Amino acid sequence: MSQKPLKIAVLVSGSGSNLQVMIDAMKSGNLAIDIVGVISNREDAYAIIRAKDAGIPVSVLSHVPNGRRMGINTFEKYALQQIQDWSPDLVVLAGFMRVLSAQFINNMPCTMINLHPSLLPYYKGLDTHQRVLRSGDKYHGCSIHVVTPKLDAGQVLTQAWLAVDVLDTPKSLAKRVQTLEHRLVPYTLDMMIKKVIDIDTIRVGRMNGMIPLPLKFWMDNE
Ligand code: GRF
């Protein structure tokens with residue numbers, strides 16, 4: 001029996017390599033997903049080209065920090081309208097670099113998840129690779145978590161780990177973590193499609209206790 005694909009809207013600000021991984025998985029049929037639209041808050045994001053090349057609807061809602069082009073409130077108003085129009089089952093923040101308001105998050109009609117380059121709850125916020133190196137941590141990685149009004153603090157769903165090398169720099173760590181992200185994103189979506197992670201349940205925050213989360217740990221040399 002053919003399964004209804006998981007409808008996904010993706011918010012981006014930059015290169016969109018994680019978006020590309022989702023596009024490739026959709027096109028190859030490896031994941032039963034339908035990327036119904038992409039929103040970028042930057043008009044120069046390479047992710048826009050990736051989405052357009054794949055024939056995915058793109059909404060560019062460009063805003064700058066001083067609000068000259070479009071303030072964050074206006075951005076959120078149009079973004080929410082657009083998401084409501086696309087009516088996805090899931091919103092994925094994949095390299096979306098703006099902090100969203102509690103109102104926007106609470107009004108989201110479906111579950112929203114974020115990809116974060118650290119082993120949450122450690123290193124919320126920016127410059128995670130530098131901070132990991134400065135602290136002399138042995139391990140680093142990335143997390144996918146539910147977006148809640150508290151920054152990077154929602155339920156962690158999945159994580160991928162790597163061992164920090166003595167020769168690592170912020171740049172090398174960023175590259176190694178991104179390689180992990182490219183595995184973690186499709187893995188997490190697959191868990192949602194298979195209902196191992198129930199996106200409706202995590203929305204209301206009742207996931208804990210059903211299965212131990214985060215769901216998966218692995219090292220990059222596995
Ligand atoms: C990723 O490294 C993610 O962890 C961070 O932004 C980056 C996005 O990369 N939040 P890309 O735009 O998917 O290439």
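Is Phe-96 buried or exposed? With a relative accessibility of 6%, Phe-96 counts as buried, where buried means under 20% relative accessible area, exposed over 50% and partly exposed in between (1.4 Å probe, protein chains only).

1. Basis of the note. This is a predicted model, in which local features need pLDDT of at least 70 and side-chain atom pairs count only at pLDDT 80 or more, while totals for chains, interfaces and linings use all residues. Residues are numbered from 1 along each chain as its sequence is written, and side-chain values use heavy atoms, with hydrogens and water left out.

2. Aromatic pairs. The structure holds 2 aromatic pairs; rings of Phe, Tyr and Trp (its six-membered ring) pair if their centres lie within 6.5 Å, and planes under 30 degrees apart count as stacked, over 60 as edge-to-face and the rest as tilted.

3. The stacked pair. The ring centres of Phe-75 and Phe-96 are 5.7 Å apart and the planes stand at 20 degrees, so this pair is stacked. Phe-75 belongs to helix α3 (residues 72-86) and Phe-96 to the loop between β4 (90-93) and α4 (102-107), so the pair ties together parts 21 residues apart in sequence. Helices (H or I, at least four residues) and strands (E, at least two) are DSSP runs, numbered from the N terminus. Phe-75 is buried, at 0% relative accessibility.

4. The tilted pair. For Tyr-139 and Trp-161, the ring centres are 5.7 Å apart and the planes at 55 degrees, so the pair is tilted. Tyr-139 is in strand β6 (residues 139-146) and Trp-161 in strand β7 (residues 156-163), 22 residues apart. Tyr-139 is partly exposed at 40% relative accessibility, as is Trp-161 at 24%.
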